[in-house]
Structure formats: C-alpha cells, structure tokens
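Subject: Structure for your review

Dear colleague,

Please find below the structure that I am handing over to you. My notes on it follow directly after.

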Amino acid sequence: MIQVTRFKFGGFVVRVTVSHCLVDGCSAMDFMNSFGETARRFPITVPPFLDRSIIKAQKPPKLESQDLQDFGEIEDISEIGKVYEEEMFYSSFYFDLENLEQLKKNALEDGVLDNCTTFQALTAFIGRA
C-alpha cells in the first residue's frame, strides 16, 4: 500500500506498507528508488522484472528442488513474547502555544539553526525524550 499525504505548505510524505511475503528488503528498496526516479522524471535505473512464468502454478503442483525452504517452520528463539508480559503504560500530552513557542526558542538558542518550525521542534523534543 502506498499513501501520499500533501501538506498545505507544499511538502509531502510517502508512506509505504509492504508484506514481507511478497517482497524482500532489496526488492522493496528497488521499488522505492524507481518510484523516486519516476517522480523526478528520471529514467528508471532498475527496470521491473515482468516475467511471471517463474511463479506460474503447475498442474499437478510439484517441487523440483529440495532447496525451497521459504515457507518451512522456523523455531522462534527470540523470546519477543516477553515484551508483552510487562504492563504497558499509555499517556497523552497536550502542548499549548506557549509550550510550543518555548520548544522552538530552546531549539534555536545555541545558534546552530536559523529557524525552526513547530513540527521540527516538537518532533525533536519527542525524539530526545
């Protein structure tokens, strides 16, 4: 799924959701790079592979190679489930105009930046927290 959100100031964000059952990291990045090249009207560096005969169903289905282990059972040794045993803490925060102006002032006080948007100041603050 691809979602493009345009902002009133002219910028935009591209959100991409990929199923790992359909693509791997390399093919996802090839797609994103080609997407960017197309958006900038550049020629595509990595042309798409359009030959689908490699995934054509066979009647009757048969495996010709014992090397196909993509969908084999893999033991989970990560213990990731332990993360969810702890109680989650949820909280909401409200930043009024005074708080946001103070964040912007703090971001500019060391003189490294000439200007700073409210969005940049707030996301930097959250990122550091």
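Strand β1, covering residues 2–6, runs antiparallel to strand β2, residues 12–16, and five bridges join the two. Please bear in mind throughout that this is a predicted model. Within this pairing, T5 has V13 in β2 as its bridge partner. The two strands form a hairpin with five residues between them. In the turn, G10 has a positive phi of about 110°.

The surface also deserves attention. I2, V4, F12, V16, V18 and F31 make a nonpolar surface patch of about 530 Å². The elements that contribute two or more residues to this patch are β1 and β2.

Two residues may be described individually. I2, one of the patch residues, lies in strand β1.

R15 belongs to strand β2. Its relative accessible area is 42%, so R15 is likewise partly exposed. Leaving aside residues up to four places away in sequence, R15 touches M1, I2 and Q3. As for T5, its C-alpha atom is separated from that of R15 by 8.1 Å, the two residues being 10 apart along the chain.

Yours sincerely

Terms used: Residues are numbered from 1 along each chain as its sequence is written. This is a predicted model: local features need pLDDT of at least 70, side-chain atom pairs count only at pLDDT 80 or more; totals for chains, interfaces and linings use all residues. Side-chain values use heavy atoms; hydrogens and water are left out. Two strands pair if DSSP finds at least two bridges between them. Helices (H or I, at least four residues) and strands (E, at least two) are DSSP runs, numbered from the N terminus. Patches are made of residues with over 30% relative accessible area and no salt bridge: like charges are joined within 9 Å, nonpolar side chains (Val, Leu, Ile, Met, Phe, Trp, Tyr) within 5 Å. Accessible areas come from the Shrake-Rupley method with a 1.4 Å probe; for residues, only the protein chains shown count as cover. A salt bridge is a side-chain nitrogen of Lys or Arg within 4 Å of a carboxyl oxygen of Asp or Glu. Buried means under 20% relative accessible area, exposed over 50%, partly exposed in between (1.4 Å probe, protein chains only). Contact means heavy atoms within 4.5 Å.
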